[in-house]
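Biologist: I would like to learn how to read a disulfide and a helix in a model. Could you take me through them one after the other?

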Amino acid sequence: MVETIESRLEKLREIKAQALLGGGKEAIEKQHAKGKLTARERIELLVDKDSFLEFDMLVRHRATQFGMDKRFAYGDGVVTGLARINGRRAVVIAQDFTFMGGSLGEMHAAKIVKAMSYALSIGVPVIFLNDSGGARIQEGVDSLKGYGDIFYMNVMASGVIPQIAAIMGPCAGGAVYSPALMDFIIMVRKTSFMFVTGPRVVKAAMGEEVTEEQLGGADVHASRSGVAHFIASNDEEAVNIIKKLLTYIPSNNTEDPPIVKTDDRPDREDPELDTIVPEDPNKPYDMLEVITRVLDKESFFEVHKYWARNAIVGFGRLNGRSVCIIANQPAYLAGALDIDSSDKIAGFVRFCDAFNIPIITFVDVPGFLPGTRQEHGGIIRHGAKILYAYSEATVPKLTIIVRKAYGGAYIAMGSRHLGADFVIAWPTAEIAVMGPEGAAEIIFRKELRAITDPNKRRKRLEELIKEYRENVATPYVAASRGYIDDIIEPRKTRPVLIKALEYLLTKREVRVWVPPKKHGLIPM
């Protein structure tokens with residue numbers, strides 16, 4: 001008997017209805033009971049209404065061993081498609097935990113690779129909503145091959161299109177490396193975790209008792225390892241972070257970032273900035289307040305907020321234009337650079353340079369953090385990453401020296417000597433090889449040693465420190481050499497930066513004097 005058109009259409013509708021249920025109603029209920037949304041619910045929250053164009057909805061695995069010939073779901077545990085997010089095109093990949101725990105097999109991986117290929121060819125961001133138990137053991141080496149293909153695509157896409165991963169469930173073993181190769185990772189508190197080996201393996205191998213949350217939860221990776229850039233309290237907040245992040249970055253490396261209309265006047269001055277730096281050079285203050293007063297109101301979006309807090313990185317806007325902010329935080333470790341903050345700064349500089357976002361650097365740095373822990377941990381190697389990143393960057397680079405700028409840390413923090421295009425300083429700036437206290441003690445060591453009276457020695461040292469601060473560390477010396485372009489009243493920082501940025505937006509830097517090479521070698 002020949003099938004009618006109507007029966008064929010009915011069959012198609014039934015199959016697609018089945019596909020929409022993923023692993024089935026019972027599995028969906030279990031997902032909801034854990035406080036998690038399904039893959040399709042997450043996509044619905046993320047994308048503009050009626051914009052999602054799904055592909056490979058009917059893909060099925062072709063494994064037959066271990067009972068797999070009787071176990072399948074259309075889509076094979078991952079939903080892929082093209083969509084618009086606040087009007088902008090993107091490729092969305094959402095793993096479906098309701099089928100085999102979102103585990104990755106041959107066809108599951110093939111769908112992801114195809115989606116990433118689409119994104120790369122049309123020049124749009126990849127949004128990957130991770131929720132997977134890892135490699136599908138039943139498919140053996142085909143699963144491993146799938147991971148390798150995905151990692152390769154992550155690398156090919158790196159620096160070409162933005163890649164954003166939201167970890168919304170388990171992410172273990174080989175699964176962690178695709179997010180690690182992407183640009184930003186968002187983790188959901190209490191429902192997501194990332195680790196190479198789980199608690200059972202840790203206990204068996206190391207005898208260490210640890211929970212999934214303690215081993216690789218959102219707070220661990222956001223504050224200690226630096227793996228996660230953002231924390232969300234639930235799936236909805238994670239989706240909102242993705243949407244906000246996309247408003248600051250372009251769709252690919254050939255485009256400029258979006259411009260957002262602002263009511264904040266470009267010529268706005270802020271008198272509060274004149275007195276924000278304490279008169280005592282050793283007293284801390286919050287650099288975040290400086291940043292938020294200079295940028296367009298309510299435009300600062302901090303990245304890596306809880307990790308390496310002696311440095312601040314994030315996105316902001318100046319007169320509606322997207323900019324990257326790098327800053328020292330004197331309220332934490334006096335703003336000194338250490339291993340983690342070096343990695344944090346270097347990584348962010350490289351992202352911003354890859355995607356044509358100007359870099360604004362606020363400097364108040366007493367130096368690199370001393371001590372055996374830092375030296376033995378490789379502060380030399382990690383600190384060199386900042387030098388490399390700033391030197392390599394060709395986007396407009398503007399630097400404001402707010403207070404301390406000492407030694408190698410002065411050079412590292414976006415100095416003229418690493419290619420900054422426009423450098424200004426506040427009158428509170430101190431630029432020198434080291435702080436006046438240490439410098440005076442070294443330079444005048446013999447004179448001070450000859451003074452036997454402790455009170456007289458202390459008084460003389462204070463005089464010498466003052467002399468060094470006024471005659472050597474003063475920003476006017478750097479200005480006289482042309483190392484900084486101007487010393488300004490702090491209240492004028494915003495209008496000066498906006499004016500400079502407007503002129504620098506057409507910057508084109510072609511380094512013809514650099515010998516041909518495949519690529520440079522950043523210190524790893």
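Modeller: A disulfide here means a pair of cysteine sulfur atoms within 2.5 Å, and in this structure one joins Cys 324 to Cys 352, with an S to S distance of 1.9 Å. This is a predicted model, in which local features need pLDDT of at least 70 and side-chain atom pairs count only at pLDDT 80 or more, while totals for chains, interfaces and linings use all residues. Residues are numbered from 1 along each chain as its sequence is written, and side-chain values use heavy atoms, with hydrogens and water left out.

Biologist: Why is the disulfide of Cys 324 and Cys 352 called left-handed?

Modeller: The torsion about its S-S bond is about -90°, so the disulfide is left-handed. The pair links distant parts of the chain, 28 residues apart, with Cys 324 in strand S12 (residues 321–328) and Cys 352 in helix H12 (residues 339–354); helices (H or I, at least four residues) and strands (E, at least two) are DSSP runs, numbered from the N terminus.

Biologist: Is Cys 324 buried or exposed?

Modeller: Buried means under 20% relative accessible area, exposed over 50%, and partly exposed in between, using a 1.4 Å probe and protein chains only. Cys 324 is buried, at 0%, and Cys 352 is buried, at 0%.

Biologist: Which residues of helix H9 are buried?

Modeller: In an α-helix there are 3.6 residues a turn, so residues three or four places apart point the same way. In helix H9 (residues 218–225), the buried residues are Ala 218, Val 220, His 221 and Ala 222. After H9 comes Gly 226, whose phi is positive, near 80°.
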